[in-house]
Amino acid sequence: MPDATKLSTATGQLGPVCAHTGKALTFAEAIVLDNQYVCWEAYIEITGAQPATEGREASSLDLE
C-alpha cells in the first residue's frame, strides 16, 4: 500500500508527489528512481542524463 503522505490529487488525478521537488504528478508522468517517484526535471538534475533527441517548438500550423 502506498504511503498516503506521498500522494496528491492536485492535478485532478491521484498520483505521487516528486520526492525531490515536491511537484504533484500523475503516475504516467512519474519516474521511479531509487524507489522514489521523481519528475522529469528532477531525474535530469539527479542523474545528469540528457535526452537523446532535441525538442522543437511546434506551431499551430503543424497540428493541422
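Predicted model: local features only at pLDDT ≥ 70, side-chain atom pairs only at ≥ 80, totals over all residues.
Let me start with the fold, where the chain has 1 helix and 4 strands, and the order from the N terminus is β-β-β-β-α. The radius of gyration is 15 Å, whereas a compact globule of 64 residues would come out near 11 Å, and the C-alpha trace spans about 45 × 30 × 15 Å along its principal axes.

Turning to the aromatic rings, the structure holds 2 aromatic pairs. In the pair of Phe27 and Tyr37, the ring centres are 5.7 Å apart and the planes stand at 75 degrees, so this pair counts as edge-to-face. Phe27 sits in the loop between strand 2 (15-16) and strand 3 (31-33), while Tyr37 belongs to strand 4 (residues 36-38), so that the pair links distant parts of the chain, 10 residues apart. Phe27 is partly exposed at 37% relative accessibility, and Tyr37 is also partly exposed, at 34%.

The other pair is Trp40 with Tyr43, whose ring centres lie 6.0 Å apart with planes at 20 degrees, and it is therefore stacked. Both residues lie in helix 1 (residues 40-47), 3 residues apart, which is about one turn of the helix. Trp40 is partly exposed, with a relative accessible area of 44%, and Tyr43 is partly exposed at 24% relative accessibility.

Technical notes:
Residues numbered from 1 in each chain as written. Heavy atoms only, no water. Helix = DSSP H or I, 4+ residues; strand = E, 2+ residues; numbered from the N terminus. Rg over C-alpha atoms; globule rule 2.2 N^0.38 Å. Phe/Tyr/Trp six-rings, centres within 6.5 Å; stacked < 30°, edge-to-face > 60°. Buried < 20%, exposed > 50% of the residue type's maximum accessible area, 1.4 Å probe, protein only.
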